[in-house]
Amino acid sequence: MPLNDEHNSDSESSRFSESTAASSDSEYSRQSFNSDSSSKPSSPASSPPKMITFDELMAAARNLTNLTLAHEIAVNANFCIKHEDLPQNSFAGTVKQIVHKAFWDHLESELNEDPPEYEHAIKLFEEIKEILLSFLTPGANRIQNQICEVLDTDLIRQQAEHNAVDIHGLANYIINTMGKLCAPIRDNDIKQLKATDNIVELLRQIFRVLDLMKMDMANYTIQNLRPYLQRNLVDYERTKFQEILEETPSALDLTTEWIKESIEDELSSASDESSSSPGADSSSKRTISPTLVLNNGYLKLLQWNYHKTIPETLITDEARLQELREKLKQLRIIACVCLITNNMVGAAIVDLPGFAEQLKRISLPLLEGMNKKTFDLKEALNAIGVQICSKVNRSLTERGLPTLDEEMQSNLMGQITHIVEENNPVCSLIDKRIQFFLRSLLALPSFQKSMPTMPGGLSVIQTEMELVGSQYASIVNFNKQVYGPFYANILRKLLFPETPMGKAETGTATATS
């Protein structure tokens with residue numbers, strides 16, 4: 001099948017991408033590999049192997065949890081804590097329901113005794129008091145004193161001894177106080193509490209609303225914390241990861257392997273080029289560009305098998321990278337479908353305004369859920385082929401042209417369903433163009449906001465590719481900012497093993513040996 005596309009753009013684009021990366025590489029090498037690392041206080045220190053205790057391992061786990069949470073708050077504007085109930089038909093949900101029912105039934109039986117037994121109710125009031133006090137901001141002395149005075153458990157116990165506890169009065173005070181402290185979104189919940197008469201049910205619902213208020217408070221704190229984290233995230237993450245590295249020296253093993261594989265890929269590529277060009281320089285690792293090594297490693301993450309553990313320095317962005325990978329797979333198929341259709345049908349209708357967009361609209365809904373194990377890609381492509389044949393025939397009829405015969409339709413549908421086959425030439429071409437676009441994007445200076453030229457064959461998915469590219473470049477550039485010093489040390493050891501260590505490394509090694 002002829003592919004009416006700009007074939008010569010690949011070689012020119014490749015030269016542009018590599019030259020752009022290489023132009024910044026000499027500066028990167030000078031700063032990262034030959035400089036005095038003692039001048040960089042954020043440069044990671046290396047340590048000799050040591051035995052790790054359980055406490056050190058748990059400390060590293062806590063640091064990783066804090067690092068991951070801080071990263072998510074800063075980079076994900078939609079991150080918030082959500083209230084999720086356990087499924088009722090689940091084992092955990094059933095156990096929780098049984099235990100809670102037993103607790104509230106026991107409380108109800110105690111309050112129905114003559115005289116009532118208030119001890120469990122008093123403990124609940126004490127817990128409610130602590131929760132209400134936790135909502136107060138520093139300086140709210142008046143309401144703090146009032147809460148402590150009204151919900152004074154010692155006083156309530158004395159009243160209970162004389163059967164003089166106004167339990168409904170205490171509950172009403174709690175509800176009114178909750179109304180003053182809650183977010184506006186909880187106003188309806190407060191109204192429902194005021195309409196509840198049964199004291200046991202009321203106390204149960206009070207705790208439910210207090211849980212929601214605690215969630216609201218946590219999200220409010222996250223919202224206020226986000227700008228501070230965004231301003232200080234690079235230093236915070238680098239410091240936290242250094243603490244993890246000090247606790248667990250093997251915390252860069254997967255990252256080192258990832259970079260090593262990228263170096264091997266570059267060596268293999270350089271070897272292939274030198275064998276095809278007899279006059280080319282086929283020297284050692286020293287000729288490899290550290291920037292290209294790192295960028296190629298980042299590109300591999302978009303084809304990563306996520307059943308395999310991701311490098312440690314990218315754990316915080318694993319879900320985002322996986323989402324981008326799935327989106328790229330979808331876009332690649334759409335571009336393949338459009339290119340096959342264009343080449344099969346010819347100029348008769350492909351030049352119609354918006355025809356490519358119509359093909360994309362046909363394909364997108366049928367490719368939803370591609371990441372699910374139950375998704376049948378071949379079946380989806382067959383359905384896309386049927387709908388595209390129908391669309392093409394309608395368009396041909398509207399223009400007074402003969403429709404596709406059965407053989408042409410069968411051929412078109414067959415080529416579309418064959419996209420799933422390994423080494424499919426159309427899929428390989430589109431994948432090569434997508435890789436080139438992303439490689440060119442990484443080669444651009446991080447401060448440059450414009451996008452590189454979209455390669456031929458990707459115009460139908462240009463808007464989506466630019467959005468994916470922008471998100472991808474943002475992840476990569478931030479990751480370089482945080483972990484650049486760690487990568488520099490690894491690359492120095494793998495590419496320049498004979499280079500003397502910087503003062504910071506030597507000093508640390510001496511101090512810890």
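Tutor: An angle under 35 degrees counts as roughly parallel, over 145 as roughly antiparallel, 65 to 115 as roughly perpendicular, and the rest as oblique. This is a predicted model, in which local features need pLDDT of at least 70, side-chain atom pairs count only at pLDDT 80 or more, and totals for chains, interfaces and linings use all residues. Residues are numbered from 1 along each chain as its sequence is written, and side-chain values use heavy atoms, without hydrogens and water.

Student: How are α11 and α17 oriented to each other?

Tutor: The axes of α11 (residues 290-300) and α17 (residues 462-495) come within 10 Å and cross at roughly 125 degrees. Axes are lines fitted to C-alpha atoms, with angles from 0 to 180 degrees between N-to-C directions. The two helices α11 and α17 are therefore oblique.

Student: How many nonpolar residues are in the contact of α11 with α17?

Tutor: Residues of α11, including Val-293 and Tyr-298, meet residues of α17, among them Tyr-472 and Leu-491; contact means heavy atoms within 4.5 Å. By class, this contact of α11 with α17 has 2 polar residues, 1 charged residue and a nonpolar count of 10.

Student: Which residue does a cis peptide bond join to Asp-114?

Tutor: Most peptide bonds are trans. Here omega is about -5 degrees, and the cis bond joins Asp-114 to a residue in the loop between α3 (91-111) and α4 (119-134). That residue is Pro-115.

Student: Is Asn-423 buried or exposed?

Tutor: Asn-423 lies in the loop between α15 (406-417) and α16 (425-443), and its phi is positive, about 65 degrees. Its relative accessible area is 66%, where buried means under 20%, exposed over 50% and partly exposed in between (1.4 Å probe, protein chains only). Asn-423 is therefore exposed.

Conventions
Helices (H or I, at least four residues) and strands (E, at least two) are DSSP runs, numbered from the N terminus. Ala, Val, Leu, Ile, Met, Phe, Trp, Tyr, Cys and Pro count as nonpolar, Asp, Glu, Lys and Arg as charged, and the others, Gly among them, as polar.
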